[in-house]
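Hi,

Here is the structure I said I would pass on. Have a look at it first, and then read on for what turned up.

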Amino acid sequence: MSIETSSSAAAARETAPHIVTELPGPRARAMIARDDAVVSPSLTRAYPLVAESGSGWVVTDVDGNRFVDFAAGIAVASTGHSHPAVVRAIQEQAARLIHIAATDFYEPRYVEFSERLAAIAPFAEPARVFLSNSGTEAVEGAIKLARYHTHRPGIIAFEGAFHGRTLGALSLTNSKLKQRAGFGPLLPMVHHAPYPRVRTWQEHSGGDGSEELEVLRSAVLGRLIAPGDVAAMVVEPIQGEGGYFPAPAAFLQGLRDICDEHGILLVADEIQSGMGRTGRWWAMQHAGVEPDIVTAAKGIASGMPIGAFIARESVWTWPAGAHGSTFAGNPVCAAAGLATLDLLEGGLVENAARAGDRLRAGLEQAATGCPAVRDVRGIGLMVGVEFTTHEEANAVERAAFERGLLVLECGVSTLRLCPPLIVDDATVDLGIRLFAESLAAVGCPLPGIAETGG
């Protein structure tokens, strides 16, 4: 399949960026005022974007301003906005059947989507699948399955982790204090071990996670919780909200070894890093490490609300009725997921690897000589640019928005760039140029962008 889809072609015709009003524009300001009056104050908006429509990698706001989207709805719009194949699958399924409750009845799309996910599961053993409504629900289900299978209560997660906001998943989340403050008591017997936050210049100078593994062995499993009480270790192979830190392969292999030694299940949270975003189906595959359970969501269905936890056949020891969901595996969402998998298998996973290399190299060049940039890191189309302070990252994020580029902050002071997997070379180069201009807006030079830009 050619990467040049009808969706990306439409985006190319609809030139972006194209800013026609002040930001936010008058219609956006009116909508924001309405939002302020009725919507929960817990929502955090990065900047005043009021989206009206999207096509490929272009988002248009209510005032007609067009933006190049390198956020993709937090890595959700994996095949771009409103990809024709996905839209067609949604429309056809909605006309046939919208809901039937897969907990109580059988439904073909649920079975077909589960078969496809089992086929790409990151372990050699045959797999089974439970479909959820979100990534958070997938994590909750993985916790339950691990506890039931091992008959153990404890969970080990990692500092800087983000696994969701419902109480079980929130107990594992450790990325920002405001996400946990005021909601205790949380799930008992959850302990957090250090995560190797390795920056690019540390990759070949001892940044292999060995120190963090030693703390896990001696301090966490040696003093805080007995290994025999631990059901699972839950780890992001690339921390998402925590700052786009890829875990060293040796660290992930060390976790696998510890889990094997003590009968602990290794759960890979691939909600943001999975489904081809890193140039392979799963980020764990870059390290050659097989988990026992993997969670997926975000890019799994191009924006429709569906997730999954997938586990080795031997782990599914719970009986009928132990877990279920009214809406999970909804036929329309599953149909979108099937169309998404077709596109990913048709060339978008490979494109993520190639385009990601180009994006990271271009961002490294753009950051040359910029004292505000501390690091550029990532795998595939999951790239983070870390700044020395939160204020610098926030200023560049806003400058990018004003120039028509959508990026999002994560961690303490990192901007993530996670565009749709359909991006071509010209769009990658455009994003690099706009990001470089945003750096210049906060006082950084523009080193050789003419050679990188398209």
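Let's start with Phe130, which sits in strand β4 (residues 127-132). One thing to keep in mind throughout: this is a predicted model. Phe130 has a relative accessible area of 12%, so it counts as buried, the cut-off being under 20%. If you skip the neighbours within four places in sequence, Phe130 is in contact with Tyr110, Gly307, Ala308, Phe309, Trp316, His323, Gly324 and Ser325. Ser325 is 195 residues away from Phe130 along the chain, yet their C-alpha atoms are separated by 9.7 Å. Two of those contacts come back in the ring picture: Phe130, Phe309, Trp316 and Trp318 make up one aromatic cluster.

On to the rings in general. The count of aromatic pairs comes to 8. One of them is Tyr47 with Phe401: the ring centres are 4.6 Å apart and the planes are at 20°, which makes the pair stacked, since planes under 30 degrees apart fall in that class. Tyr47 is in the loop between α2 (26-38) and β1 (51-55), while Phe401 belongs to helix α12 (residues 390-402), so the pair ties together parts that are 354 residues apart in sequence. Is Tyr47 buried or exposed? At 10% relative accessibility, Tyr47 counts as buried. Phe401 counts as buried too, at 0%.

Phe158 and Phe251 give you an edge-to-face pair, with 5.8 Å from centre to centre and 80° between the planes. This pair also links distant parts of the chain, with Phe158 in strand β5 (residues 154-158) and Phe251 in helix α9 (residues 249-262), 93 residues apart. Both Phe158 and Phe251 are buried.

The axes of α8 (residues 210-224) and α9 come within 9 Å and cross at roughly 30°. That angle makes α8 roughly parallel to α9, as the class takes angles under 35 degrees. Which residues make the contact? From α8 they are Glu212, Leu213, Leu216, Arg217 and Leu221, and from α9 they are Ala250, Phe251, Gly254, Leu255 and Ile258. Sorted by class, the contact of α8 with α9 has 7 nonpolar, 1 polar and 2 charged residues.

Last one, in case you like a charge with your rings: the charged end of Arg377 sits over the ring of Phe245, 3.7 Å from the ring centre.

Cheers

Note on methods. Residues numbered from 1 in each chain as written. Predicted model: local features only at pLDDT ≥ 70, side-chain atom pairs only at ≥ 80, totals over all residues. Heavy atoms only, no water. Phe/Tyr/Trp six-rings, centres within 6.5 Å; stacked < 30°, edge-to-face > 60°. Helix = DSSP H or I, 4+ residues; strand = E, 2+ residues; numbered from the N terminus. Buried < 20%, exposed > 50% of the residue type's maximum accessible area, 1.4 Å probe, protein only. Lys NZ or Arg CZ within 6 Å of the ring centre and 35° of its normal. Axes fitted to C-alpha atoms, helices over the stretch in contact; angles between N-to-C directions. Parallel < 35°, antiparallel > 145°, perpendicular 65-115°, else oblique. Contact = heavy atoms within 4.5 Å. Nonpolar A, V, L, I, M, F, W, Y, C, P; charged D, E, K, R; others polar.
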